[in-house]
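Hi everyone, thanks for making time today. Let me put a new structure on the screen, and we can walk through it together.

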Amino acid sequence: MHELALAQGMLDIATEELARHNCKRLTLLRVNVGAMSGVVPECLEFAFTSLVQGTVHEGARLEIVKIPLKLKCVCGAEFEADNGPYDLPACPKCGEVFGHRVLAGKELQVDWIEGE
Ligand SMILES: [Zn+2]
């Protein structure tokens with residue numbers, strides 16, 4: 001379960017940022033998780049919850065913002081695909097399956113941190 005390592009990394013970023021602002025306790029951590037990032041949001045949430053348990057950050061909220069997969073076809077059409085990261089979606093305009101450029105959906109980043 002690599003979500004545990006990811007959650008740890010995010011928590012590290014958050015605590016570092018909190019220290020910079022003289023905060024001790026994390027209250028909210030918002031992360032962007034792209035559809036193609038390979039991360040299962042439920043697993044990430046579970047990992048995060050178990051990590052903060054028993055620490056000063058216990059009770060901190062993890063907000064996961066799911067970023068849909070957005071593709072650009074060779075014909076220029078941009079479209080969102082929600083049928084998962086492993087299917088090659090056809091372009092709704094020309095039907096092309098190959099050669100799409102990924103505009104969004106690979107994100108995995110800390111977007112917002114709140115503390116006290
Ligand atoms: Zn197309």
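Which residues coordinate the zinc ion? Four cysteines do: C73, C75, C91 and C94, each through its SG atom, at 2.3 to 2.4 Å. Before I go further, please keep in mind that this is a predicted model.

Let's stay with the metal for a moment. The angles among the four donor atoms run from 105 to 114°, and the site is tetrahedral. For reference, the ideal angle for four tetrahedral donors is 109.5 degrees. If you follow the chain, the donors of the zinc ion are spaced as C-x1-C-x15-C-x2-C. C73 sits in the loop between β3 and β4, while C94 sits in the loop between β4 and β5, so this pair ties together parts that are 21 residues apart in sequence.

Now to the nonpolar cores. The largest one has 18 residues, and those touching the most other members are L26, L29, V31, L44, F48 and L62. At least two residues of this core come from each of α1, β1, α2 and β2. Take L26 as an example: among the residues it touches are L11, L18, F48 and I113. There is also a second, separate core of seven residues, including L69, L71, C73 and A81.

Last topic: charges. How many salt bridges does the structure hold? The count is seven. In one of them, R25 meets E116 at 2.8 Å, N to O. R25 lies in the loop between α1 and β1, and E116 in the segment after β6, so the pair ties together parts 91 residues apart in sequence. E116 is exposed, at 55% relative accessibility, while R25 is partly exposed, at 23%.

My other pick is R30, which pairs with E63, their closest N and O atoms being 3.2 Å apart. That bridge runs from strand β1 to strand β2, across 33 residues of sequence. R30 also meets D111 in a salt bridge, at 3.4 Å. Since D111 lies in strand β6 and R30 in strand β1, the pair ties together parts that are 81 residues apart in sequence. Through shared partners, salt bridges join R30, R61, E63 and D111 into one network.

That's my tour, and I'm happy to take questions.

How values were computed
Residues are numbered from 1 along each chain as its sequence is written. This is a predicted model: local features need pLDDT of at least 70, side-chain atom pairs count only at pLDDT 80 or more; totals for chains, interfaces and linings use all residues. Side-chain values use heavy atoms; hydrogens and water are left out. Donors are N, O and S atoms within 2.8 Å of the metal (3.2 Å for Na, K and Ca); water is not among the atoms, so sites may look incomplete. Four donors count as tetrahedral if all angles lie between 85 and 135 degrees; four count as square planar and six as octahedral if opposite donors are over 155 degrees apart and all others between 65 and 115; anything else is irregular. Helices (H or I, at least four residues) and strands (E, at least two) are DSSP runs, numbered from the N terminus. A nonpolar core is a set of buried Ala, Val, Leu, Ile, Met, Phe, Trp, Tyr and Cys residues joined through side-chain atoms within 4.5 Å. Buried means under 20% relative accessible area, exposed over 50%, partly exposed in between (1.4 Å probe, protein chains only). Contact means heavy atoms within 4.5 Å. A salt bridge is a side-chain nitrogen of Lys or Arg within 4 Å of a carboxyl oxygen of Asp or Glu. Lists of a residue's contacts leave out its neighbours within four places in sequence.
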